[in-house]
Amino acid sequence: MARKLTKVPGTKLRKNLFARARKALVGGVNSPVRAFKSVGGDPVFVEAGSGPFLRAADGRTFVDFCLSWGPLMFGHARREIVEAAKAALERGSTFGAATMAEVELAERIKDAFPSMELVRLTSSGTEADMSALRAARAFTGRDLVIKFAGCYHGHVDSLLVAAGSGATTLGVPDSAGVPKAFAATTVVVPFNDLPAVEAAFKRNKGRVAAIIVEPIPANMGVVFPKDGFLQGLRRIATREKSLLIFDEVITGFRVCYGGAQTLFGVKPDLTVLGKIVGGGLPLAAYGGRKDVMSVVAPEGPAYQAGTLSGNPVAVAAGAATLDLLRTEDPYARMEDLKAYFCEGLRRAAVAAGVPLRIQSFGSMFTPFFLDGEVTDYASALKADKAAYGRYFHGMLKRGVYLPPAQWEAAFVSYAHTHRELDVAIGAAAFAMAEAAEGQSRRLPITRKRSKKRLMKSR
Ligand SMILES: *Cc1c(COP(=O)(O)O)cnc(C)c1O
């Protein structure tokens, strides 16, 4: 075991890259989780990706289970998507004018999601979530929004709100720089808790514009809605004349071609899409009921715009991705690959004697380092973050790249094969043992390194 763990070439180079990055970019990154703060250590700087593999700037290669946090159903640089984006780029990168390609993408989206009668394209999921809320508020003339603890809807001011512990509370900001008045427009309730939703409505009678929910949350790790939960939200929203917004930025086109709403047979008033719909380029969408979407400019008074909205290169990549999903129908195979990999992880955890609860749906999964079930944010937070960190680094040094945080979904792509999964399962045998061992039985090389780091940080 120790022999396999000889020092990876490029450790020094890696440190230099991060040091240089931090002099130019805040924290060295353009999105916080990339900095590896949650698991410790130096972030990976990626140079290229191909299929299920990543190549780092320091020469290491990895099997990738993070996959840019979800967009890459077909792995990196799938030929048809690259060709479509290239061809679009050759025709001009942006026009700031209407194009038929945008219409065709919107038609594909409408086909997949019949609840989306009218669609608007944006450049990021955050932007689409923010705009969907604005539309809901404009349509209902109400200000409050109910969200669920642990669900993520981008870094929208009013949605960066922490859960009140267990009880339903009016939100307090989760991020510096969010005015209290904005946070106070958000009511946070626990996921899977219909009585809490009822109570929130009772206390805020006639003031709730919308309920926003990830129908299968993936941003506290993968959590499954209890039987009847989503149907219950639909029933309550209708009764209270509020709107139901499904944030399917992760689940849309991932759990099936029509997203979680198709699987569960629940029709939201508005839907938010992102990640997959742009085929790995910056593109997202929101849309829904015609009467609701008609409040959005230029049809209606709710302003929302974007210089690069419906960007031709992103639209081409998105359309190519949706076409591939139709023609290759990768869902069953991806689910099989996921099941195979998760079974390998489970066995490794059992052999290592480390408590592990794997929750998964379709091609997404989260290994929670805990005993018991995860049904909401409070139970998710019981996971052992330090154990995840040891597992993460155990995998990383053996060539497997995972989401660098416990409370996230990992993914398999259609480009993965059993060969890569076997490599990763082989790595997991060691990584789970290390996760179980904790600090007590580190290998000498690791101990030396972490001591050095400790001294430096003082
Ligand atoms: C990623 C994500 C977002 C935010 O999308 P960005 O493109 O990162 O702004 C919103 N909602 C959910 C459910 C997401 O997973």
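**Helix packing and its surroundings**

Modeller: The axes of helix H3 (residues 100–112) and helix H10 come within 10 Å of each other and cross at roughly 35°. The structure is a predicted model, in which local features need pLDDT of at least 70 and side-chain atom pairs count only at pLDDT 80 or more, while totals for chains, interfaces and linings use all residues. Residues are numbered from 1 along each chain as its sequence is written, and side-chain values use heavy atoms, with hydrogens and water left out. Helices (H or I, at least four residues) and strands (E, at least two) are DSSP runs numbered from the N terminus. An axis is a line fitted to C-alpha atoms, for helices over the stretch in contact, and angles run from 0 to 180 degrees between N-to-C directions.

H3 passes H10 in a left-handed crossing. To this contact H3 contributes Ala101, Glu102, Leu105, Arg108 and Ile109, and H10 contributes Val315, Gly318, Ala319, Leu322 and Asp323. Contact here means heavy atoms within 4.5 Å. A crossing is left-handed if the near helix is turned anticlockwise from the far one by less than a right angle, and right-handed if clockwise.

H10 also packs with helix H2 (residues 79–90): their axes come within 8 Å and cross at roughly 150°. H2 and H10 are therefore roughly antiparallel to each other. For such labels, angles under 35 degrees count as roughly parallel, over 145 as roughly antiparallel, 65 to 115 as roughly perpendicular and the rest as oblique. H2 passes H10 in a right-handed crossing. The residues in contact are Glu80, Ile81, Ala84, Ala85, Ala88 and Leu89 of H2, together with Pro312, Val313, Ala316, Ala317, Ala320, Thr321 and Leu324 of H10.

A cis peptide bond, with omega of about 10°, joins Ala297 and Pro298. Most residues other than glycine have a negative phi, and most peptide bonds are trans.

Phe253 has a positive phi of about 70° although it is not a glycine, and it sits in the loop between strand S9 (243–247) and helix H8 (259–264). Phe253 counts as buried because its relative accessibility is 0%. Buried means under 20% relative accessible area, exposed over 50% and partly exposed in between (1.4 Å probe, protein chains only). Lys275, likewise not a glycine, has a positive phi near 50°, and its place is the loop between strand S10 (270–273) and strand S11 (284–288). At 26% relative accessibility, Lys275 counts as partly exposed.

Strand S11 contains Gly287, which counts as buried because its relative accessibility is 0%. Apart from neighbours within four places in sequence, Gly287 is in contact with Met116, Leu118, Val119, Asp269, Leu270, Thr271 and Met293.

A further helix pair is formed by helix H6 (residues 194–203) and helix H7 (residues 229–239), which pack at about 15° with axes 10 Å apart. That angle makes H6 roughly parallel to H7. Their crossing is right-handed. Leu194, Val197, Glu198 and Phe201 of H6 meet Phe229, Gly232, Leu233, Arg235, Ile236 and Arg239 of H7.

Finally, helix H13 (residues 385–396) has twelve residues and reaches 16 Å from its first C-alpha to its last, close to the 16 Å expected at 1.5 Å a residue. The expected span is 1.5 Å times one less than the number of residues. H13 is mostly covered, with nine of its twelve residues buried, among them Tyr388, Arg390 and Phe392. The buried residues of H13 pack against strand S3 (61–64), helix H11 (331–352), strand S13 (364–368), strand S14 (400–401) and helix H14 (418–437).
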